Amino acid sequence: MTQAVPRLDGQVVLAVFAHPDDESLACGGTLATLAAAGAHVVVMCASHGERGSDIGPVRNDALGLERAVEMRAAVAALGIAELRLLSHPDGELRWAAVTDFNADILLFLRRHPHASVITFGEDGLYWHADHIGVYERVLTAVLSLGSEAPPLYFVTMPTGVMPEVVHAAKARGWLPPRKGFWSLVPESFGLHAKPHTITIDVRAFVPQKLAAILAHRSQMGADHPFSNLAEADARRWLGTEFFRRADIPGRPGTVLEQLCT
Ligand SMILES: [Zn+2]
């Protein structure tokens with residue numbers, strides 16, 4: 001039995017990520033928890049993921065459109081109020097459209113002066129350049145607000161979590177593909193990341209999180225370890241999410257601390 005979640009009506013939470021599926025994998029349970037508690041959750045996704053993020057260098061606009069449809073389904077599964085799916089170039093987020101993306105974030109924050117922000121940390125979860133680019137843009141925008149900077153939270157993952165997910169999937173017969181995202185060394189998740197300071201129990205929202213992850217169907221083939229997880233393993237490995245509060249001057253706020261276990 002999980003604890004009662006406080007009501008968060010009137011709170012605005014902006015979650016900024018790079019590709020459709022980042023939001024669900026990184027912190028889908030927390031976003032669903034926030035939404036269910038009454039917060040107005042907005043997911044801003046920098047790109048349509050038209051290069052399949054990690055699969056190859058070829059731009060595929062049909063894939064981008066397909067992923068936009070998947071993204072809307074994932075956001076609906078999580079109960080998220082608003083999606084801002086931007087068209088910055090997948091694979092080039094660290095150096096392309098820097099000014100435009102910065103303006104997108106800043107405009108939102110100026111229009112929602114009481115918002116809190118969730119995004120990647122400096123490690124981009126597993127040193128993905130696009131994720132690091134999102135971290136850089138968000139941090140620049142937030143810091144530019146000085147004493148009015150919103151509370152800023154970075155998603156993180158302790159090392160050891162992803163290797164255990166992969167181990168559990170392998171035990172059920174999953175074989176890592178030879179290339180692409182899941183051929184990555186799972187130990188790279190959380191490697192050299194700063195330790196988390198906030199732990200959130202999202203077990204009550206694992207069904208929604210899993211539905212959102214699986215809504216990204218173009219990315220979740222048989223190659224994906226989450227398609228091979230037993231329900232108990234899914235609850236175990238998807239049921240806790242980790243964050244670090246950025247140590248920056250700005251407005252006080254405790255939207256994620258209130259969900260802390
Ligand atoms: Zn991504």
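**Figure 1. Helix α2 meets helix α7.** In this view E70, A73, A74, A77 and L78 of α2 meet Q208, A211, A212 and A215 of α7; two residues are in contact if their C-beta atoms, placed from the backbone, lie within 7 Å. By class, the contact holds seven nonpolar, one polar and one charged residues. Ala, Val, Leu, Ile, Met, Phe, Trp, Tyr, Cys and Pro count as nonpolar, Asp, Glu, Lys and Arg as charged, and the others, Gly among them, as polar. The model is a predicted one: local features need pLDDT of at least 70, side-chain atom pairs count only at pLDDT 80 or more, and totals for chains, interfaces and linings use all residues. Numbering starts from 1 along each chain as its sequence is written.

**Figure 2. The axes of α2 and α7 (residues 206-215).** Two packed helices are described by the angle between their axes and the distance between the axes. Here the angle is about 175° and the axes are 8 Å apart. Axes are lines fitted to C-alpha atoms, for helices over the stretch in contact, and angles run from 0 to 180 degrees between N-to-C directions. The two helices, α2 and α7, are therefore roughly antiparallel to each other, a term for angles over 145 degrees.

**Figure 3. A68 in helix α2.** A68 touches H48 and L85, leaving aside residues up to four places away in sequence. The C-alpha atoms of A68 and L85 are separated by 7.5 Å, while the two residues are 17 residues apart along the chain. A68 counts as partly exposed, because it has 17 C-beta neighbours inside 10 Å. A residue is buried if 20 or more other C-beta atoms lie within 10 Å of its own, exposed if 12 or fewer, and partly exposed in between, with C-beta atoms placed from the backbone.

**Figure 4. The open sheet of seven strands.** The strand order is β3-β2-β1-β4-β5-β7-β6, with mixed pairing. Two strands pair if DSSP finds at least two bridges between them. Helices (H or I, at least four residues) and strands (E, at least two) are DSSP runs, numbered from the N terminus. β3 (82-85) and β6 (198-201) stand at the edges with a single partner strand each, so one side of each has no neighbour in the sheet. Neighbouring strands of the sheet are turned by 25° against each other on average, direction ignored.

**Figure 5. Strands β4 and β5 side by side.** β4 (residues 116-120) and β5 (residues 152-156) pair in the parallel sense over four bridges. F120 stands opposite V155 in β5.

**Figure 6. Helices lying across the sheet strands.** Helix α1 (residues 22-36) lies across β1 (12-17), β2 (40-45), β4, β5, β6 and β7 (240-245). α1 runs at about 175° to β1. Helix α2 (residues 61-78) lies across β2 and β3, at about 155° to β3.

**Figure 7. L125 and W127 in helix α4.** Most residues other than glycine have a negative phi. L125, not a glycine, has a positive phi of about 70°, and W127, also not a glycine, has a positive phi of about 65°. Helix α4 spans residues 124-127. L125 counts as buried, with 25 C-beta neighbours inside 10 Å, whereas W127 has 15 and counts as partly exposed.

Key:
Angles under 35 degrees count as roughly parallel, over 145 as roughly antiparallel, 65 to 115 as roughly perpendicular and the rest as oblique.
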